[in-house]
Amino acid sequence: MLAPYLVGLVGLVLLPAAVTLALAFTEYDLVNAPSWVGLDNLVALVDDPVFRVSLTNSLVFALVAVPLRLLLALGLALLLHRRAFGVGTARAAAVLPTAVPEIAYGLLWLWLFNPLYGPINQLLRVGGENGLTALGRTPPQWLTDPTDARAAIILMSVFTMGETFVVLLAARRALPRDVYEMAALEDATGWDVFRRVTLPLMAPVLALLAVRDAIASLHFSFVPAYVVTDGGPPPYATTYLSLFIYRTGFEYLRYGYAAAATLVMILLTVAAVVVQWRLVRRYRGFYGL
Amino acid sequence: MRPKTLLALLLSVTLLATACGTGSGSSKDESGPVQLLVFGAPEELAAYRTLTEAYEKARPGTDVQLVEASDRKDLLARLATSVAGGAPPDLFLMNYRFYGQFAAKNVVEPLDERIAGSDAIDPADYYPVAMDAFTWGGKQLCLPQNVSSLAVYYNRTLFTKYGVPEPKAGWTWNDMVGTAIAMTRDSRGVVVKGTESEGAAARPAVHGLGIEPSIIRVAPFVWSAGGEIVDNPDKPTRLTLDTPVAREALKNLVDLRQAYGVVPTDEEVEAEDDESRFANGRLAMLMSSRRSTTTFRSITDFEWDVAPLPVYQKQVGVLHSDAYCMTRGGKRKDAAWRFLEFAISEEGQRIIAATGRTVPSHIGVSQSPAFLGPSQPPRSAKVFLDTIPTVRALPTVSTWPEIEDVTAGILENALYRGDKLDDVIRDLDQQTRPLFARGEHG
């Protein structure tokens, strides 16, 4: 029964990926036949300031957004795993942003982040005068200040942790009750229960989600950067690797060069996964899991 | 073979056949509609729909399908990927500044033979500056539909209200700055300086001028002052904004925000783009091409008109021209050519001119009531025609899209953030040299 999936996977994902990686060693403009250039594209990437900025932006995004998304999803899962009034609605609210199509989600945030007419800054201006906040400060300039724009993209990504939340919620609900009853008999504090019971038991799931998020983080920065900030503010404050690759390949017709950047992105992903996996193994060894 | 295995195998074959079949099947279909790839604002797309409908009505049995891209970059990406996939659109509409990368890669079908054999098209009927802009390697690759240049759109009602003289032909850069200062007003209608720090009580409700910080906006003023933007217009290798004349023109442009505050801040532009700001009555003047006319014709709250660009030493404009190009790999070339002939001919240009979208590249149509008729604004439409003898084209180097993107970021920071002019000029030069070096020329 796996055959259709495998055929699709090989034909539509693995083969194109392999071809793209082979093109990393060619000069290819999407129109004329590729010509072999060896490592020239990779060498050129090292000297390309836009690529270096994109790479740094992607790494910073992953380092900040992935833990934030996991923390928020974990916090919500622990908060909402019990049956109580309004919990169902709260769970639905947590998952809802994930269900919104990406472009619509980007356009929604474009309105939310509007520096003058957007509801976020309107709210921050309540109590202030002449466009300032109640504390006399300028509200965040989401679309024109480099740091604020990077924060805006991270903020957007944080709210799409619905899938992570659902998995963690299921994992928490599956934990055995008797362990918690024993902890209660031992007069364990809430923090102790979290640190010594909940966290170790959920660690394998958390590790898996961290790996998945680290891989996905290189992709899900694309639409926000493309739709909301257009890779700016200038010069390249929110140009991530995915956007760099898209522009280079499809707008500037340097597909071979873009493929080389894709190769770097894949190598980075593999490196991130290996590092995380080693950390998890060390953690499991520590707890004898 | 077990039933489940057989079913799985059948599904796999179906999946593969579907995946592979779509492209090849459509690529062999020569009887389908002629596909025309375009982008634009809703009003512009409506204009193209009017044209294709008129064609289908005039030539029963024909079928032209508009393929609508969301913006210029989307159009470039769609064109590139469709060419790579072996199923390009038959025709695409593109500005001369961006077609070079496709021309250099032999994506565009030369039209000289078809033009020579055409009864509907005589090259002498068209403005040479627009025709020349689409000549690559001595061949006519595309045929221009319009020959616009930059103009200053202004809110006549607002000028009358504040008693400020309207812009007129021959006005200078300093005249424009003075006018913009006089039109920058707060909500009580009092002249204010828009350079006040954020949080100041008196913020402009109306800004004097809207201008996009880009190389295509800088170019006409550098030329007007007697300078050049590149070292060699035919085969450029670098930008030459470091010359005293070009530097002065660039400084004056940056001063519009940094010294006089007559243009909106970057925050204000992000909140509401210049075209919307003008349409909403919050911008007294806007430098834009003919493209804005279709949008502005929906304005009902005030009267507006156009004036020529201000001058330094001599009147110079920058060419804005889009053309219909036929793809070399298109499957319906003859049908595509018949539509192209219609769109470019006097009949087609009259139709599209009536929508307000274009300054017709057809000389006869541009001087006819179809374009100059007083029934719809702008009243001074002739301004667009008067500037045609003075317009110059930007270089059509294949890497120009990258050059525009790189320079836009640097110029944006110069205008809004006030980056040091020396750094700006150095960055412009250093970051574009490799792009010029990689470029191919027609």
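1. Two strands are said to pair here if DSSP finds at least two bridges between them. On that basis, chain B has an open sheet of five strands in the order 2-1-3-13-6, with mixed pairing. Strand 2 (64-69) and strand 6 (142-144) stand at the edges with a single partner strand each, so one side of each is left without a neighbour in the sheet. From one strand to the next the twist averages 30°. Please keep in mind that this is a predicted model.

2. Strand 3 of chain B has partners of both senses. With strand 1 (residues 34-39) of chain B, strand 3 runs parallel, and two bridges join them; B:L36 has B:L91 as its bridge partner. With strand 13 (residues 322-326) of chain B, strand 3 pairs in the antiparallel sense over five bridges. There, the bridge partner of B:L93 is B:Y324.

3. Is strand 3 of chain B enclosed or left open by the rest of the structure? Five of the five residues of strand 3 (residues 91-95) are buried, so the strand is largely enclosed. For reference, a residue is buried if 20 or more other C-beta atoms lie within 10 Å of its own. Both faces of strand 3 are covered: B:F92 and B:M94 are buried on one side, and B:L91, B:L93 and B:N95 are buried on the other.

4. Helix 14 (residues 333-344) of chain B packs on it, touching strand 1, strand 2, strand 3, strand 6 and strand 13; the direction of helix 14 makes about 160° with that of strand 13. Helix 3 (residues 72-84) of chain B lies across strand 1, strand 2 and strand 3, and runs at about 145° to strand 1.

5. As for the overall division, chain B consists of domain 1 (33-147 + 321-381) and domain 2 (149-318 + 397-438). Their C-alpha centres lie 29 Å apart. The contact between them takes 21 residues from domain 1 and 15 residues from domain 2. On the domain 1 side, helix 2 (42-58) and helix 4 (100-104) of chain B each supply at least two residues. By class, that side has eight nonpolar, eight polar and five charged residues.

Key. Residues are numbered from 1 along each chain as its sequence is written. Chains are lettered from A and ligands numbered from 1 in the order in which they are written. This is a predicted model: local features need pLDDT of at least 70, side-chain atom pairs count only at pLDDT 80 or more; totals for chains, interfaces and linings use all residues. Domain bounds come from an automatic or database domain assignment. Two residues are in contact if their C-beta atoms, placed from the backbone, lie within 7 Å. Helices (H or I, at least four residues) and strands (E, at least two) are DSSP runs, numbered from the N terminus. Ala, Val, Leu, Ile, Met, Phe, Trp, Tyr, Cys and Pro count as nonpolar, Asp, Glu, Lys and Arg as charged, and the others, Gly among them, as polar. A residue is buried if 20 or more other C-beta atoms lie within 10 Å of its own, exposed if 12 or fewer, and partly exposed in between; C-beta atoms are placed from the backbone. Axes are lines fitted to C-alpha atoms, for helices over the stretch in contact, and angles run from 0 to 180 degrees between N-to-C directions.
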